[in-house]
Amino acid sequence: MNASPIVDVSALIEEQRPGRFGATLLFSICAFMFVEGYDMQVVGYAAPAIIKAWHSSKAEFGAAFGWGLAGFMGGALVLGSVGDRFGRKRMIVAGCFVFGVFTLACAFAGNLFAFSALRLFAGIGLGGAIPNAIALMTEYSPAPVRATRVGIMFIGYTAGSALGGGIAAWLIPAYGWPSMFILGGIAPIAIALAAMAALPESPRLLILTDQGRIALAAILAKLEPGLRIAPGARFTVREETEQGSPVVDLFTGGRAFMTALLWIAFAANLMALHFLTSWLPTVITESGVPLAHAVIATGLLQGGGAIGSLLVGWLLDRVGAMALVAAFALAAPCVAALGWVHASEALLMVLVALAGIGMIGGQAGINALSGTLYPPHIIRPARDGRSASAASARSSGR
C-alpha cells in the first residue's frame, strides 16, 4: 500500500467505519460516566439516613447539596477548558482521582461542615472531568453520529445514578450510610487507573510532540485498518483559526438568540434536575413512602434519563433542536404533577420515570447540541497557529 507524507487526521475521523476503536472509546467513557453519575447522586440517596443520624434539619443539610453543586460549577468553568491545553485524557483521569478521594473521605466526616467541604472538592473533580469527556468523545466521533454518541455517553451517567438507588436500598439498611461513600470513592479511583491505559488523548494535543505523533499513528491504525503511515508523515487537523474572543463570538454572526436560548434552557433544566435528584428521596420519604421505595423512585428518574439520553441524542441527529422541545414538553407536566400523587405509589413511579426521560434526556441533548451548533474555533480555540488542512492519507486499495 502507498503511504502519504501528509495525514489528514480530521478526514480519517470523519470517514471512519464502526469498529473496535470507537466501541472501546465509547465503553471507556461510559464506564467513567457511570461512576460520575453514582457520585453525583450518592448524597441524595444517603441524605435521609444522614439527616437522621446527625439530627440535622433539611434546611441545614441543604448546604451539602449547595457546596457540592458549587464545586461542580467551578470545576466545569475553570477545569473544563484546561483540557484544551493539558489534554482531555489527563483531566478525565485527574477528575476521577479527585472526586474519588474526596467522596471516599465523606464516609469518615464527623459533622455537616466537614461533609459539605468534602463535597465541594469532590464537585470540583466531577465538574472538571465531564466537559473533557464530552470533548474527547466529539473529537473522535464523525459528525453524523456525534450527538448520538454523546447521548449514549450519558446513558452511562444515568445508569450509575439509577443503580445507586438499588445499591442504597441494600447497603444503607445493612451497613449504614458511610458504605455508599466508600463504594463511591473506590470505584472512581479504579476507573481512573484503567482510563490511563484505555483512553486516547486528544488528537489536537498529540500532533504537537514526537511521542504524541507516534501514539496518534497507532490510534489511526485502529481507526483505519490497513492504513500505512510513513515514518516521516506530517499530521494535520482541520479547524477554524479565526481571531477574536470565543465568548464574544457566541453572540455574533447571528448566534446571539440561539446562545441565549441555550443558556436559559440549560440553567432552568439543570436547576430543576438538581433539585429533583438531590431532594426526591427525602421528600418522598417524608410523605410516608418507605426509604427503600423512595430510593427506587429516584433510580427510576435516572433510568428514564438513560432512555431519554439515547432517544434525544438519536433524534437530534435527525430532526435537530425539535428533539429538545419534545423532551421538555414531556418533562414539564410530569414534574408539576409529582406534588399531587403521593396517594398512589404506582402513579408516582410512572411520573418520575417520564420526568427523567424528558429532563435528563433534555440535559444530555443540550450538551450534545451545544457541541455541534458552534464553529470549531469557538469550541476549541486554536493553539499557536499549528492547525492546518491537508489531503487525507489513504491506501491505494481503499
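Helices here are DSSP runs of H or I with at least four residues, numbered from the N terminus. The model is predicted.

**View 1. The second largest pocket.**
This pocket has a volume of about 430 Å³. Of the 24 residues that line the second largest pocket, Phe-21, Pro-200, Ala-218, Ile-219 and Lys-222 are the closest to its centre. Three helices each supply at least two residues of the lining: helix 2 (20–54), helix 8 and helix 10 (210–223). Sorted by class, the lining of the second largest pocket has 13 nonpolar residues, 7 charged residues and 4 polar residues. Rolling a probe the size of a water molecule over the atoms shows where empty space is left.

**View 2. A nonpolar patch on the surface.**
Phe-108, Ile-182 and Ile-186 make a nonpolar surface patch of about 320 Å². Ile-186 belongs to helix 8, which spans residues 178–198. Is Ile-186 buried or exposed? Ile-186 is exposed, because its relative accessible area is 52% and exposed means over 50%. Helix 8 also supplies at least two residues to the lining of the second largest pocket.

**View 3. Arg-88 and Glu-139.**
The structure holds 2 salt bridges. In one of them, the side chains of Glu-139 and Arg-88 meet at 3.7 Å, N to O. The pair links distant parts of the chain, 51 residues apart. Glu-139 sits in helix 6 (residues 112–139), and Arg-88 sits in helix 5 (residues 88–106). Both partners, Glu-139 and Arg-88, are buried. Side chains of opposite charge can pair when their charged atoms come close.

**View 4. Glu-139 and Arg-204.**
Which residue forms a salt bridge with Glu-139, the closest N and O atoms being 3.1 Å apart? The partner in this view is Arg-204. This pair also links distant parts of the chain: Glu-139 in helix 6 and Arg-204 in helix 9 (residues 203–206), 65 residues apart. Glu-139 and Arg-204 are buried. Through shared partners, salt bridges join Arg-88, Glu-139 and Arg-204 into one network.

**View 5. His-55, with a positive phi.**
His-55 is not a glycine, yet its phi is positive, at about 55°. Where is the place of His-55? The residue is in the loop between helix 2 and helix 3 (58–78). His-55 counts as exposed because its relative accessible area, 71%, passes the cut-off of over 50%. Helix 2, on one side of this loop, is also one of the helices that supply the lining of the second largest pocket.

**View 6. Pro-225 and Gly-19.**
Pro-225 lies in the loop between helix 10 and strand 2 (234–236). Its relative accessible area is 59%, so Pro-225 is exposed. How many residues apart along the chain are Pro-225 and Gly-19? They are 206 residues apart along the chain, while their C-alpha atoms are separated by 9.4 Å.

Ile-229 is another residue in the loop between helix 10 and strand 2. Ile-229 has 24% relative accessibility, so it counts as partly exposed. Buried would need under 20%, and exposed would need over 50%. In sequence, Ile-229 and Pro-5 are 224 residues apart.

Thr-298 is part of helix 13 (residues 291–319). Why does Thr-298 count as buried? Thr-298 is buried because its relative accessible area is 0%, and the limit is under 20%. Along the sequence, Thr-298 and Gly-166 are 132 residues apart. From C-alpha to C-alpha, Thr-298 and Gly-166 are 9.6 Å apart.

**View 7. Ile-284 and Ala-294.**
Ile-284 is found in helix 12 (residues 256–286). The relative accessible area of Ile-284 is 2%, so this residue is buried. Ala-294 is 10 residues away from Ile-284 in sequence. The two residues, Ile-284 and Ala-294, are 5.8 Å apart in space, C-alpha to C-alpha.

Technical notes
Residues are numbered from 1 along each chain as its sequence is written. This is a predicted model: local features need pLDDT of at least 70, side-chain atom pairs count only at pLDDT 80 or more; totals for chains, interfaces and linings use all residues. Side-chain values use heavy atoms; hydrogens and water are left out. Patches are made of residues with over 30% relative accessible area and no salt bridge: like charges are joined within 9 Å, nonpolar side chains (Val, Leu, Ile, Met, Phe, Trp, Tyr) within 5 Å. Accessible areas come from the Shrake-Rupley method with a 1.4 Å probe; for residues, only the protein chains shown count as cover. A salt bridge is a side-chain nitrogen of Lys or Arg within 4 Å of a carboxyl oxygen of Asp or Glu. Buried means under 20% relative accessible area, exposed over 50%, partly exposed in between (1.4 Å probe, protein chains only). On a 1 Å grid over the protein atoms alone, a cavity is a set of points where a 1.4 Å probe fits but cannot get out, and a pocket is an open set with protein on both sides within 12 Å along at least five of seven lines; lining residues have an atom within 4 Å of a point. Grid points are joined across faces, edges and corners, and a volume is the space filled by probe spheres set on the points. Ala, Val, Leu, Ile, Met, Phe, Trp, Tyr, Cys and Pro count as nonpolar, Asp, Glu, Lys and Arg as charged, and the others, Gly among them, as polar.
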